[in-house]
Amino acid sequence: MALLDYFRQRKSNSASIAKERLQILVAHDRRVGGPSYLPQLERDLLKVIRKYVAVDNDAVSVSVEHDGRQEILELNIVLPD
Amino acid sequence: MARIIVVTSGKGGVGKTTTSAAFAMGLAERGFKTVVIDFDVGLRNLDLIMGCERRVVYDFVNVISGEANVGQALIKDKRNPNLFILPASQTRDKEALTVEGVGKVLDELSAEFEFIICDSPAGIEKGATLAMYYADDAIVVTNPEVSSVRDSDRMIGILSSKSRRAEQNLDGIREFLLVTRYSPERVQRGEMLALEDVQEILSLDLIGVIPESPSVLNSSNAGVPVILDRESNAGQAYNDMVARYLGEDLPHRFLKAEKKGLLGRLFGG
Ligand SMILES: Nc1ncnc2c1ncn2[C@@H]1O[C@H](COP(=O)(O)OP(=O)(O)OP(=O)(O)O)[C@@H](O)[C@H]1O
Ligand SMILES: [Mg+2]
């Protein structure tokens, strides 16, 4: 059975990489046309988070989502592995 | 008054024309008077997928520029009396389309038809923005792949800002996600974005999932909308999508990889 499991579980994981990249990308795309304070908010948040965790330069992204008539401020933080 | 539905995506080649043809035929089969318009001026394809390419006399641009009237340009489907096709021009370019011109044609069609399906060209240029401008509903066609998902997200932004409904402060366009060319086997192997991932990123109501299927190519070879291939998974999935659009609550199908035997598992990856 061990051999069979080996073959079955050898998943490439490119889909999860794709998802992660997309989440960041889409959040950045959505910023275009959003409130002008978003980039500064991102930089400020990055500073605060860095007091606690050593995250990458592009680890923080903030975007505005429209859900019907509501606006939602969405914050994405990618933690280091 | 007709309901106007745009089939859009941003990215090219994801299945808009395949979807427009199937959706229009599905609505016609349920008894609704339906017209499907090719907005891909300069690169018309819908007539081929519908199998009426040899019956094109006048086109959408001829009607806009007053060289023909709508009645002369409409092609009646040979299989279903409820279905008509308005082909695009092959020789002109998208500049021939104008907001007023398109509006006038849609108005005229609105008096005759219950559903108007607009097959959008790829991109975010004039043809695509005009195809969506007058829409009441939008089907956002997306493949489970990074560039398609990203472009769909762009399109969703444009739908909510650059349409007649947005400009006149009416209720927004109703937007639905249609995932096409979905391959459960590849998702299971971790090679393809899963349905849930695409939904999570785009957060739209899911109206259907069309599996990757050889019957789509076979049908387009023959000039038959794939929804008429009742044996095929893709045809059945399109049929479900039409039913959901009309308000039926159906579970999504063809989401799981088909079970393989031992050898398939060992060698099929
Ligand atoms: N579910 C599917 N399974 C397999 N092939 C598919 C499927 N859907 C579409 N295709 C194929 O993908 C190609 C593009 O399809 P189609 O012309 O409908 O896309 P499109 O979005 O209209 O393209 P364009 O942006 O150029 O107008 C065609 O070759 C079609 O046969
Ligand atoms: Mg097309």
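Biologist: How many helices and strands does chain A have?

Modeller: Chain A has three helices and two strands. Keep in mind that this is a predicted model.

Biologist: And what pattern does chain A follow along the sequence?

Modeller: Going along the sequence, chain A reads α-α-α-β-β.

Biologist: What share of chain A counts as buried?

Modeller: Chain A has 81 residues, and 26% of them count as buried. Chain A exposes about 6100 Å², with carbon and sulfur atoms supplying 53% of that area.

Biologist: OK, which residues form a nonpolar patch on the surface?

Modeller: That would be L75(A), I77(A) and L79(A), which together have about 270 Å² of accessible area. L79(A) sits in the segment after β2 (70-77) of chain A.

Biologist: Why does L79(A) count as exposed?

Modeller: Because its relative accessibility is 54%, and the cut-off for exposed is over 50%.

Biologist: Switching to chain B. What's the strand order in the open sheet there?

Modeller: The open sheet in chain B has eight strands, ordered β3-β4-β2-β5-β1-β6-β7-β8, and the pairing is mixed. The edge strands are β3 (75-76) and β8 (205-211) of chain B, each of which pairs on one side only.

Biologist: Remind me, what holds strands of a sheet together?

Modeller: Strands pair through backbone hydrogen bonds, and they can do that either parallel or antiparallel.

Biologist: So how do β3(B) and β4(B) run, parallel or antiparallel?

Modeller: Antiparallel, with two bridges joining β3(B) to β4(B). One bridge partner to look for is I85(B) in β4(B), which goes with I75(B). A hairpin of six residues connects β3(B) to β4(B).

Biologist: And β2(B) with β4(B), parallel or antiparallel?

Modeller: β2(B) and β4(B) are parallel, over four bridges. Look at I37(B): its bridge partner in β4(B) is L86(B).

Biologist: How many bridges join β2(B) to β5(B)?

Modeller: Five, between β2 (residues 34-38) and β5 (residues 115-119) of chain B, and those two strands run parallel. V36(B) stands opposite I117(B) in β5(B).

Biologist: What about helices, then? Which strands does helix α1 of chain B lie across?

Modeller: Helix α1 (residues 16-29) of chain B lies across β1 (3-8), β2, β4 (83-86), β5, β6 (137-142) and β7 (174-182) of chain B. Helix α1 runs at about 170° to β5(B). There's also helix α10 (residues 195-202) of chain B, which lies across β6, β7 and β8 of chain B, at about 150° to β7(B).

Biologist: Last topic: where is A237(B) found?

Modeller: A237(B) is in helix α12 (residues 233-245) of chain B.

Biologist: Is A237(B) buried or exposed, and why?

Modeller: Buried, because its relative accessible area is 5% and anything under 20% counts as buried.

Biologist: What is A237(B) in contact with, leaving aside its neighbours within four places in sequence?

Modeller: A237(B) is in contact with V209(B), I210(B), P211(B) and F254(B). As for I227(B), ten residues away from A237(B) in sequence, the C-alpha to C-alpha distance is 8.2 Å.

Technical notes: Residues numbered from 1 in each chain as written. Chains lettered and ligands numbered in written order. Predicted model: local features only at pLDDT ≥ 70, side-chain atom pairs only at ≥ 80, totals over all residues. Heavy atoms only, no water. Patch = residues over 30% accessible without salt bridge, like charges linked within 9 Å, V, L, I, M, F, W, Y side chains within 5 Å. Areas by Shrake-Rupley, 256 points an atom, 1.4 Å probe, with all protein chains shown as cover. Salt bridge = Lys/Arg side-chain N within 4 Å of Asp/Glu carboxyl O. Buried < 20%, exposed > 50% of the residue type's maximum accessible area, 1.4 Å probe, protein only. Pairing = 2+ DSSP bridges. Contact = heavy atoms within 4.5 Å. Axes fitted to C-alpha atoms, helices over the stretch in contact; angles between N-to-C directions.
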